[in-house]
Amino acid sequence: MNSVITLEKVNKVYGNHHVVHNLSLRVNEGEFLTLLGPSGCGKTTTLRMIAGFEVPTDGAIYLNDQRVNEVPPYKRKVNTVFQNYELFPHLTVAANVAFGLKMKRVKRSEIKDRVAKMLSLVQLEGYGDRKPSQLSGGQKQRVAIARSLINQPKVLLLDEPLSALDLKLRKQMQFELKRLQRKLDFTFIYVTHDQEEAMTMSDRVAVMHNGNIEQIGHPRDIYERPQTRFVSDFIGESNFFSGEFDKNVDDQWLIRSKNGFFTVSANPAFETDKKFYASVRPENILLSEAPVDGFSISGTVIDNVFIGGFTRTIVRLEDNTEIKKTTYSKSGILPVDQKVYIHWSKEDAVIVDTEPLEK
Amino acid sequence: MLKKINIFKWFTILPVYLWMLLFILIPNLYIFAMSFMKRGIYGGVEWGFSIKNYIGIFHGMYMSIFFQSMLLAFETTVICLLIAYPFTMFIMNKSKIFQTIAIATVTIPFMISSLVRLFAWITLLRTNGVINTLLLHLHLIHQPLSILYTNGAVILGMVYMLLPFMILPIYTSMEKIDGGLIEAAKDLGARDLNVISNILIPLTIPGIFAGSILVFIPSLGYFFVSDMLGGSQTILIGSLIRDEFLTARNWPFGAALSIFLIILTLVVLRIYSKLGGKMDDLGV
């Protein structure tokens with residue numbers, strides 16, 4: 001697969017603030033890639049460097065194998081959809097969409113055709129003569145997308161484009177964006193702090209933290225096989241269990257924690273003389289009234305919270321840590337004050353971190 | 001409680017109304033009435049009604065003064081605009097502190113009497129003034145240039161006096177522009193000049209408009225600038241009115257000229273608001 005955008009050990013420093021740190025990334029042609037992370041993780045700065053609004057302090061950015069570090073935005077075949085739309089308020093919808101072509105001095109008759117085609121693509125036929133102030137948030141968003149796509153950029157950059165919309169509209173636009181991207185076979189780089197948005201739309205998600213990519217992969221891999229404590233905590237909910245390696249039983253590791261034993265699949269990637277941190281998703285936690293082979297962590301049910309489609313059970317362990325378990329069925333919910341044993345299928349626990357043993 | 005507030009409100013606002021009544025409305029009405037009367041033999045006015053004063057205005061000589069005055073005001077406005085716009089664009093790219101200092105530098109001189117500042121210009125421009133002395137010493141010229149008492153000197157003085165009234169509204173409207181719009185334009189392929197012509201200027205039209213009005217109208221009436229820097233060379237509407245009152249002692253004709261100037265101003269304002277200008281932007 002060809003990569004459209006390549007970032008090689010890119011750094012961005014403002015004063016003594018290291019915003020992007022040795023970031024490397026390859027974006028494949030036609031893929032929907034999302035940079036996901038909390039605010040201040042450097043995702044927007046990364047996007048702005050790709051767009052040309054910021055110049056990297058160090059490292060290189062390639063657009064189709066051509067180094068573009070210092071190429072100004074107006075010369076890059078890359079377009080951005082901004083968070084606040086940034087539609088030109090003094091121009092009509094049609095003139096907004098036509099702007100890029102006008103800058104390229106495309107013939108007037110051709111501009112007219114292409115604008116009409118673009119407006120129909122984003123389902124805004126008949127809105128050409130309106131001013132942006134006469135549009136709703138969702139319509140403005142479509143104009144912003146049309147205005148960028150008409151230039152046929154090699155990559156479309158989207159900087160939290162849906163964050164100003166209300167929940168329902170946001171979900172609808174997520175769907176439309178994804179459909180548009182598939183239909184046109186464009187490369188999208190999408191920035192968001194909303195993990196659900198990232199999960200729904202992306203072919204690959206890059207989870208960013210402290211100016212670097214912690215993990216990149218298919219949304220399902222990111223969720224099911226988080227590689228770091230940050231990723232497992234940031235994406236969805238996680239229960240963390242930590243302890244020291246005790247012994248290997250049939251390719252499974254028995255780990256000794258403060259609250260008792262638990263078991264994870266053996267992982268040859270790690271040395272065993274470490275303190276291990278394992279993450280287990282709430283839906284994978286199993287509760288039983290009697291201990292299960294390989295597990296001896298016990299606790300007390302302290303609350304059952306009904307949350308629409310599922311119930312969240314909170315179990316307090318002996319050292320007062322609270323464990324979350326979600327149950328999607330109506331049956332099998334244990335009553336409050338019930339003493340329970342915690343276990344899970346071995347493959348559902350993922351080792352996300354290790355620490356050297358304290359001597 | 002409500003009533004108390006009302007009394008307090010009236011108590012604070014009343015002086016303003018009284019002031020406006022005494023010093024603005026009544027004098028203007030007085031001038032308006034006077035413009036229909038006859039001149040007294042020894043100055044002053046005689047009662048009676050006539051529109052002779054207004055007919056007198058349309059005499060060729062006065063019309064040419066009006067025309068000359070308007071032309072000068074127009075030139076002043078254009079020059080102010082040509083200086084103020086690039087200046088504002090320049091400071092807009094700087095830090096907030098720099099902007100504040102620059103705007104303060106523009107406005108602070110206006111706390112000094114305008115006469116004093118014009119005298120300073122005279123010392124600079126006159127035959128044996130600073131500029132001529134400097135140029136002579138540098139052997140760039142062999143005879144002093146006559147700069148003072150020319151039309152150019154008057155325009156220079158007008159521009160100097162009125163420039164802040166152009167800069168401030170343009171600055172205000174440029175400050176409101178979302179920086180993201182400029183980034184969006186660049187992202188879509190606009191170079192700097194395209195950004196200026198397609199984004200910056202259309203979005204600062206209110207400021208350009210308001211500034212032009214705020215410069216154009218006063219420059220019709222700033223007779224002291226042409227008196228001090230133009231000598232007898234330039235006669236403007238302002239100087240004409242003053243001369244009618246103080247030298248020719250034809251108060252009713254002076255009054256008619258004043259009313260005519262007011263009407264002219266109102267016409268300009270009317271055009272301004274017809275074109276979409278807002279009175280708020282003028283500070284009215």
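This is a predicted model: local features need pLDDT of at least 70, side-chain atom pairs count only at pLDDT 80 or more; totals for chains, interfaces and linings use all residues.

Modeller: The dialogue below goes from the whole chain to single residues.

Biologist: How many helices and strands does chain A have?

Modeller: Helices (H or I, at least four residues) and strands (E, at least two) are DSSP runs, numbered from the N terminus. Chain A has eight helices and 20 strands. Its C-alpha trace spans about 75 × 45 × 35 Å along the principal axes.

Biologist: What share of chain A counts as buried?

Modeller: A residue is buried if 20 or more other C-beta atoms lie within 10 Å of its own, exposed if 12 or fewer, and partly exposed in between, with C-beta atoms placed from the backbone. By that rule, 38% of the 359 residues of chain A are buried.

Biologist: Why is helix 1 of chain A described as largely enclosed?

Modeller: Helix 1 (residues 43-51) of chain A has nine of its nine residues buried, so it is largely enclosed by the rest of the structure. The buried residues include A:Lys43, A:Arg48 and A:Ile50. Just after helix 1 of chain A comes A:Gly52, with a positive phi of about 105°.

Biologist: Why does A:Asp250 count as exposed?

Modeller: A:Asp250 counts as exposed because it has 7 C-beta neighbours inside 10 Å. A:Gln152 is partly exposed, because 13 other C-beta atoms lie within 10 Å.

Biologist: How are strands joined to one another?

Modeller: Strands of a sheet pair through backbone hydrogen bonds, either parallel or antiparallel. Two strands are said to pair if DSSP finds at least two bridges between them. Strand 3 (residues 32-36) of chain A pairs with strand 9 of chain A in the parallel sense over four bridges, and one bridge joins A:Leu35 to A:Ala206. With strand 10 (residues 212-217) of chain A, strand 9 of chain A pairs in the antiparallel sense over five bridges. There, A:Val205 stands opposite A:Gly217.

Biologist: How many residues lie between strand 9 and strand 10 of chain A in their hairpin?

Modeller: Two residues lie between them, and A:Asn210 in the turn has a positive phi of about 50°.

Biologist: What is the strand order in the open sheet of five strands?

Modeller: The order is 15-19-16-17-18 in chain A, with antiparallel pairing. Strand 15 (286-288) and strand 18 (322-327) of chain A are the edge strands, each of which pairs on one side only. The twist averages 45° from one strand to the next; for such angles, axes are lines fitted to C-alpha atoms, for helices over the stretch in contact, and angles run from 0 to 180 degrees between N-to-C directions. Strand 15 of chain A pairs with strand 19 (residues 339-343) of chain A over three antiparallel bridges, and A:Leu286 has A:His343 as its bridge partner.

Biologist: Which domains are assigned to chain A?

Modeller: Domain bounds come from an automatic or database domain assignment, which gives domain 1 (3-233) and domain 2 (238-356) of chain A. Their centres, taken over C-alpha atoms, are separated by 39 Å. Two residues are in contact if their C-beta atoms, placed from the backbone, lie within 7 Å. Seven residues of domain 1 of chain A are in contact with six residues of domain 2 of chain A.

Biologist: How many residues of each chain take part in the contact between chain A and chain B?

Modeller: The contact takes 17 residues from chain A and 15 residues from chain B. On the side of chain B, helix 8 (179-187) and helix 9 (192-221) of chain B each give two or more residues. Helix 8 of chain B gives the largest share, six residues.

Note on methods
Residues are numbered from 1 along each chain as its sequence is written. Chains are lettered from A and ligands numbered from 1 in the order in which they are written.
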